[in-house]
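Take a look at the model below. The text then walks through it, part by part.

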Amino acid sequence: MIIFFVGLAVYAGHGISVLYLLAMTLLSYLAGLVIPKYRFVMWVSVILQASLLLLLRLRHLLPFPSPAAPIGISYFTLQIIAYHVDLYRDNYAPEKNIFKFALFVTWLPHMFIGPIEPYPKMKDALNERRISVDSFWKGALRSLWGLFQKLVIAARLDVIVSAVSADPERYNGAYALTAMLFYAVQLYADFSGGIDIVLGVSRMLGLRMSENFDIPYFSESVSEFWRRWHMTLGNWLRDYIYIPLGGSRKGRLHKFFNTMVTFLVSGIWHGGRYLLWGLLHGLLVFYGDNLKTKNRAWNRVVTFLLVSFLWSFFIWPDTVVVLRIIASVFTVFNYPVLLAGISGMGLTAGDWIVLGAACLLLLFYDWKREDVKARLCIIPPAAKVGGICLLTLTVLTFGRYGIGFSASEFIYSSF
Amino acid sequence: MKKRRNILSIGVVLIAFIVAFLLISKLLQPKYMTELEEGSFISEYYREAGNHDVIFLGDCEVYANYSPMELYRDYGITAYIRGTPQQLVWMSYYIAEETFRQETPRVLVFNVNAMRYSEPVSEAYNRLTIDKMRWSASKTGIILASMTEEEQFLSYVFPILRYHSRFDQLTQEDFTYLFQVKNNTFNGFQLHTEVEPAGALPVKRVLADYRFGDICYEYLDKLRVLCEENGTKLILVKAPSLYPYWYEEYDAQIREYAKKHGLSYYNFAEQTDEIGLDFAADTYDGGYHLNLSGANKLSRYFGEILVEEHGLSDQRQNPNIAAVYDKKLQEYDRIIAESMR
């Protein structure tokens with residue numbers, strides 16, 4: 001209960017959003033109680049929640065002004081819809097304890113960037129919540145690793161990406177390609193780092209939450225990428241959109257239609273500007289396997305490039321600009337001046353060295369993370385504390401934060 | 001046994017972490033020894049704190065324009081300038097508060113130029129005044145009163161939060177002065193021997209409002225009361241700089257305040273002829289600040305006022321003081337001779 005109220009207090013700092021959240025929590029709780037008896041309530045709830053989310057997500061297309069989306073709406077709305085659909089399907093019984101339900105919806109650490117937690121998993125996690133020295137140090141280490149990714153890597157890459165994206169007329173061709181590749185890493189470090197902070201803090205509070213990433217840039221196809229990137233959203237889309245539509249059971253045409261609808265929903269979830277991005281991903285998921293070769297490394301490179309190109313929709317807000325910029329990568333040959341141009345964009349030599357070393361460390365960790373985790377479990381307590389201290393010093397010294405930086409803002413908070 | 005060994009090991013790691021943290025923080029913090037040396041002025045006082053007849057408070061108009069060495073040489077007055085760049089009124093108050101915990105001067109001279117600023121000017125200026133202050137209630141007060149919107153109190157407590165980005169800008173200075181310091185002033189006086197005659201000055205703009213801010217008066221009142229409580233005479237001065245303009249409307253407000261509270265106020269900008277200032281030779285930056293020659297003239301002029309109107313006595317007969325100041329004067333003269341060469 002304390003965690004719930006602390007969460008609300010923090011959330012209250014974001015203005016009237018807290019009222020929307022409280023109202024939604026209460027209504028959803030009551031709706032959940034009656035769905036097993038009055039099934040139509042599920043439809044009312046889903047239509048209402050989806051409409052509100054759609055309205056707020058596509059508000060820039062509306063002919064009239066509408067309020068800004070409450071923080072976390074994309075995450076808690078999907079959780080509530082899943083909960084009500086599962087109750088409709090009789091997958092489990094409704095939660096009677098309003099505080100437990102409220103905690104499921106409003107669990108502070110994940111309000112801003114997820115993960116989108118299924119109710120049974122959250123319920124088990126809350127019931128089994130146990131704070132121990134082991135969970136605390138593991139959580140602390142993971143949170144610090146998240147901060148490292150966010151402040152040491154993502155914040156540095158942001159300098160280049162922001163400079164390039166601010167002037168698409170000047171920075172196209174090689175600059176645009178660099179921005180796309182850098183943004184791919186930036187977004188991963190920012191989002192995966194944020195999720196590490198969320199999971200780490202939750203772990204420190206004794207709660208184990210779902211993983212959201214499984215080294216996505218090691219994927220050999222775009223469909224595999226989507227099984228490894230933002231996994232909780234992918235699972236939600238699969239369970240509540242793709243499979244209810246029929247999945248891949250009714251022939252190739254149906255599968256194509258279902259895939260495109262699923263990725264259209266994914267695009268809408270990210271925001272009205274990302275419809276084309278969602279559809280292109282749908283096409284790559286459906287046809288992408290045709291691009292695969294026997295060379296796994298080549299497959300990974302192609303997948304990374306395809307995904308990076310499509311992140312352009314996130315870098316440049318205007319779709320026409322995005323298409324022009326992507327074309328410029330192949331038509332504007334300013335590659336010889338790239339190094340000189342990028343070196344003057346605000347990162348010092350020291351920044352580049354730190355960035356390079358940090359990216360290598362991230363790559364190594366992702367590549368060997370099971371080994372690293374296994375080793376971390378058997379090292380003596382003093383070494384564990386030493387690890388936390390070392391990571392703290394590294395983040396404090398080499399992180400980019402302070403005046404002029406918004407260290408608490410994550411890219412995925414805006415979705 | 002194993003448990004005890006674990007606790008001991010963790011203790012050693014934590015101590016190592018604290019030492020490393022403090023060391024890195026200190027390394028990354030600007031030293032203000034050879035670059036932006038004005039940032040070191042505030043801390044030099046701690047090595048000199050003692051029995052001063054006069055303490056000066058204010059911005060660059062005090063540390064560039066008055067020479068305590070000349071005040072001692074000519075009148076036997078022991079003085080210290082606790083001036084820092086862009087020192088605002090509330091900063092002067094907290095520095096005075098800190099000073100009174102160290103000593104009780106007979107006279108406190110406050111340069112009123114800061115009255116024109118009723119808001120913090122910039123984080124950079126705040127840092128030059130606050131960074132090297134010793135921790136006390138006064139430092140906490142000065143931080144809270146001076147922080148701009150973007151600043152955070154914690155970054156003053158843990159300087160690494162502010163200066164971590166210097167990791168690739170470290171110079172020889174950062175290592176040389178990691179554990180040692182040097183004086184950049186003579187009793188707070190920043191010595192400039194170079195000459196840049198006054199030339200064209202910026203256009204004198206007409207202001208929409210000449211009134212000093214309430215917060216300035218609030219802290220000036222607090223400073224006055226603090227002096228009264230400590231039996232110290234508060235003197236208000238305005239240094240003879242040509243720019244920024246000290247408007248007549250400003251002057252009138254200070255005169256009125258001084259009259260109301262029975263304080264002495266000297267606007268030296270109106271007495272440049274009596275002082276003998278020649279802005280073709282007595283300034284090092286075109287009339288904004290005085291150079292050594294100008295500071296000597298102003299110090300002699302003000303010294304006479306301090307003796308004749310405020311009864312300060314000659315300390316040169318005190319052997320303890322003479323021993324210290326004779327040594328300082330020797331060094332002062334040596335540096336001047338060196339810089340004149």
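This is a predicted model: local features need pLDDT of at least 70, side-chain atom pairs count only at pLDDT 80 or more; totals for chains, interfaces and linings use all residues.

Is helix 15 of chain B buried or in the open? Of its 22 residues, 2 are buried, so the helix lies largely in the open.

Helix 6 of chain B, residues 123–130, has a run of buried residues. They are Tyr125(B), Asn126(B), Arg127(B), Leu128(B) and Thr129(B). What covers them? The cover includes helix 2 (41–48), helix 5 (89–102) and helix 7 (137–146), each from chain B.

Now turn to the backbone of chain B. Most residues other than glycine have a negative phi, and most peptide bonds are trans.

Start with Tyr32(B). Its phi is near 55 degrees, a positive value in a residue other than glycine. Tyr32(B) sits in the loop between helix 1 (2–28) and helix 2 of chain B. Is Tyr32(B) buried or exposed? It has 22 C-beta neighbours inside 10 Å, so it counts as buried. The cut-off for that class is 20 or more.

Asn187(B) also has a positive phi, of about 50 degrees, and is not a glycine. Its place is the loop between helix 10 (172–176) and helix 11 (214–230) of chain B. Asn187(B) counts as buried because 26 C-beta neighbours lie inside 10 Å.

Tyr243(B) and Pro244(B) are joined by a cis peptide bond, with omega about 0 degrees. Pro244(B) lies in the loop between strand 4 (233–238) and helix 12 (248–261) of chain B.

Next comes chain A. How is chain A divided? Domain 1 covers 2–106, and domain 2 covers 133–343. Taken over C-alpha atoms, the centres of these two domains of chain A are 26 Å apart. The domains touch: 11 residues of domain 1 of chain A are in contact with 7 residues of domain 2 of chain A. On the domain 1 side, helix 3 (40–57) and helix 4 (73–88) of chain A are the elements that give two or more residues. Helix 4 of chain A has the largest share, 5 residues. By class, this side of domain 1 divides into 8 nonpolar, 2 polar and 1 charged residues.

Finally, consider the meeting of the two chains. How many residues of chain A are in contact with chain B? There are 17, and they meet 18 residues of chain B. Helix 17 (349–378) and helix 18 (381–398) of chain A each supply at least two residues to the chain A side. Helix 18 of chain A gives the most, with 9 residues. The chain A side has 10 nonpolar, 6 polar and 1 charged residues.

One residue of helix 17 of chain A is Trp352(A). With 14 other C-beta atoms within 10 Å, Trp352(A) is partly exposed. Trp352(A) and Leu233(A) are 119 residues apart in sequence. In space they are 33 Å apart, C-alpha to C-alpha.

Note on methods. Residues are numbered from 1 along each chain as its sequence is written. Chains are lettered from A and ligands numbered from 1 in the order in which they are written. Two residues are in contact if their C-beta atoms, placed from the backbone, lie within 7 Å. Helices (H or I, at least four residues) and strands (E, at least two) are DSSP runs, numbered from the N terminus. Ala, Val, Leu, Ile, Met, Phe, Trp, Tyr, Cys and Pro count as nonpolar, Asp, Glu, Lys and Arg as charged, and the others, Gly among them, as polar. A residue is buried if 20 or more other C-beta atoms lie within 10 Å of its own, exposed if 12 or fewer, and partly exposed in between; C-beta atoms are placed from the backbone. Domain bounds come from an automatic or database domain assignment.
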